[in-house]
Amino acid sequence: MILRWSEQLIPTLREVPAEAEIPSHQLLLRAGLIRKLGAGLYTFLPMGLRALRKVERIVREEMDRAGALEILMPALQPPEIWRQSGRYTAAAEVLFKVADRAGREWVLGPTHEEVVTALVAGEINSYRQLPRNFYQIQVKFRDEIRPRFGLMRAKEFIMKDAYSFDATDEAASESYRKMYDAYTRIFRRCGLRTLAVEADTGVMGGKFSHEFMVPAETGENEVAYTEAGDYAANLEKAVSRGPMTPTPAVSTGPAPESFATPGVLTIEDLAAAPYNVAAHRQIKTLVFMVESKPVLALVRGDDVLNEAKFAAACGSALFRPATPEECRAALGALPGSLGAVSVKGLPIYADLQLRSARGMVTGANEDGFHLRHVDVDRDLAVTGWHDLRTVKAGEAHVESGAPLFIRRAIEVGHVFKLGTKYSEAMNARFLDADGKQKPCVMGCYGIGVTRTLQAAIEQWGDEFGIRWPVSVAPVEVEVMAINAQHADSVARANEIAEALSAAQVEVLVDDRDERAGVKFKDADLVGAPIRVSVGERSLSKGQVEVKLRRTGATELVELGSAVERIRALLAEEWNAVTVS
């Protein structure tokens, strides 16, 4: 197949668009792959669509290989099924809702657990029909409060979502393993280096999950991991042996003692002179409104509350920080003077690092006062002890004791073991071998297809443009006559292109009558894995120049053996795309 630049729409840009915040977004626009319609809405241009379709093809091949069945479900969904699952409220912030001419409300699907579970509830009734795994590649809609980073966080995007249904928990674990393995293959084939990390299940619910992360400094997620690779977790889920500074356990007085702290509103204020109370000796008291009721969360003063862990502890994702007025109504003081000593009637969730802590300092629930000599076990009526803190770099891995590192990453895939949350809510049941009715055990598995494409650019881009992994490159080889007015160069370029096309190689011929510098810059920007340059000087020696975009290496190749050499280099590029 031969594409000619003059017949395509490849509107490259020299300047970095002001709207593009990260390198991959800049390159998507500068290489003419996408164009913005509105906030979080993009049109794919021909080269961008070619790359996108290649990602989709890899996803389909591996899903089919894993035994999943492709279906296509409606993007427009009745809100009743979302109410039935309980997510109409839980996921309200991301739901796009529209009304038809009769005023009836509909939901634009951000995901399809409800739809597929309704399908299974109507079609599967016996254990003999299980296991089943259904998948689709489809447009999704999410009402992002702040669309940003191009395809990374958009209002409309393409996703592969799959859903497994099993008769037993053991069988569901096997389905989960198959999808986990399939995802590993998918991202490897797309040329992506990924970390599979333990992750929070969030609004999806379920027993456990893993995210597939592409390490990138521009990523919106943070991952904790060990250098040996025996542990990796999203920061929302990560655990350690605890802070490097031990929690105090000194002897205390007979009772907490109040002392004046005028103007002290933060942990840092109390740690400074004249008080000099180190942050790790303080108890940070946070008040949240959980489903409209005040709940206290306690962590050490030098720790950061992990809200995902707090949501799991209190059993609800519907919470927000209390306002100053709500804090005063609950505890009698404003933030900065809050504490949990002698508090009764309110749920109190405390971090495990505070257990048995003595000699601590906390707010006195009186503006401008704190309490010293606090013995946590004696003075606080803790409702539940949980790991609520966010781990920090350098802390020890729970099992090996190895130090944890933290780096940013881009989430490209997520696999969940859901259990029976949706099947019970939506009556997706089957009769087992004994004739007893049981709920299907579910799993769900998502890949951001458009996000995967951009992640490849983020990981493989350089200061000159895109260095496409050959497996998802819009074309495999670009051929150019450096001087479009030199008839012999044009003829030889076309001959090479035709020979490559006959060998089933995808070729883009830059046939524009442009300066050589423009063509070379555009070639690096668009990023075909191999560039073949045909010029008067090299032709006079019977040679053409071949450049590998991935490494930047160039070589002069005899004209008679050029096609054979290009094909050999292309085979090396296909081998190189499978990364460890």
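**A friendly tour of a predicted protein model**

Visitor: Buried or exposed: how does Arg87 count?
Guide: The relative accessibility of Arg87 is 2%. A residue is called buried under 20% relative accessible area, exposed over 50% and partly exposed in between, using a 1.4 Å probe and protein chains only. Arg87 therefore counts as buried.

Visitor: In which helix is Arg87 found?
Guide: This is a predicted model, where local features need pLDDT of at least 70, side-chain atom pairs count only at pLDDT 80 or more, and totals for chains, interfaces and linings use all residues. Residues are numbered from 1 along each chain as its sequence is written, and side-chain values use heavy atoms, with hydrogens and water left out. Helices (H or I, at least four residues) and strands (E, at least two) are DSSP runs, numbered from the N terminus. Residues 87–90 form the helix that holds Arg87, and its label is H4.

Visitor: What share of the residues in the protein is buried?
Guide: The protein has 580 residues in total. Its C-alpha atoms fill a box of roughly 95 × 70 × 50 Å along the principal axes. The buried share of the residues is 51%.

Visitor: Why does the span of helix H12 agree with what it should be?
Guide: The expected span is 1.5 Å times one less than the number of residues. H12 covers residues 449–460, which is 12 residues, so it should span 16 Å. The span agrees because the end C-alpha atoms of H12 are apart by 17 Å.

Visitor: How many residues of H12 are buried?
Guide: H12 is mostly covered. Its buried residues include Arg451, Glu458 and Trp460. The count for H12 is 12 of 12.

Visitor: Which residues is Glu573 in contact with, leaving aside its neighbours within four places in sequence?
Guide: Glu573 lies in helix H16, residues 562–576, and is buried, with a relative accessible area of 4%. Contact means heavy atoms within 4.5 Å. With those neighbours left aside, the contacts of Glu573 are Val470, Pro529, Leu548 and Arg550.

Visitor: Which residue follows helix H14?
Guide: The buried residues of H14 (516–526) include Val518, Leu525 and Val526. The buried set packs against helix H1 and strands S26, S27, S28 and S29. After H14 comes a residue with a positive phi, near 80 degrees: Gly527.

Visitor: What is phi of Phe149 near?
Guide: Phe149 lies in the loop between S8 and strand S9 (156–166), and is buried, with a relative accessible area of 9%. Phi is positive here, in a residue other than glycine. The value for Phe149 is near 65 degrees.

Visitor: Where is His373 found?
Guide: At 31% relative accessibility, His373 counts as partly exposed. Phi of His373 is positive, near 65 degrees. His373 sits within residues 369–374, which form strand S20.
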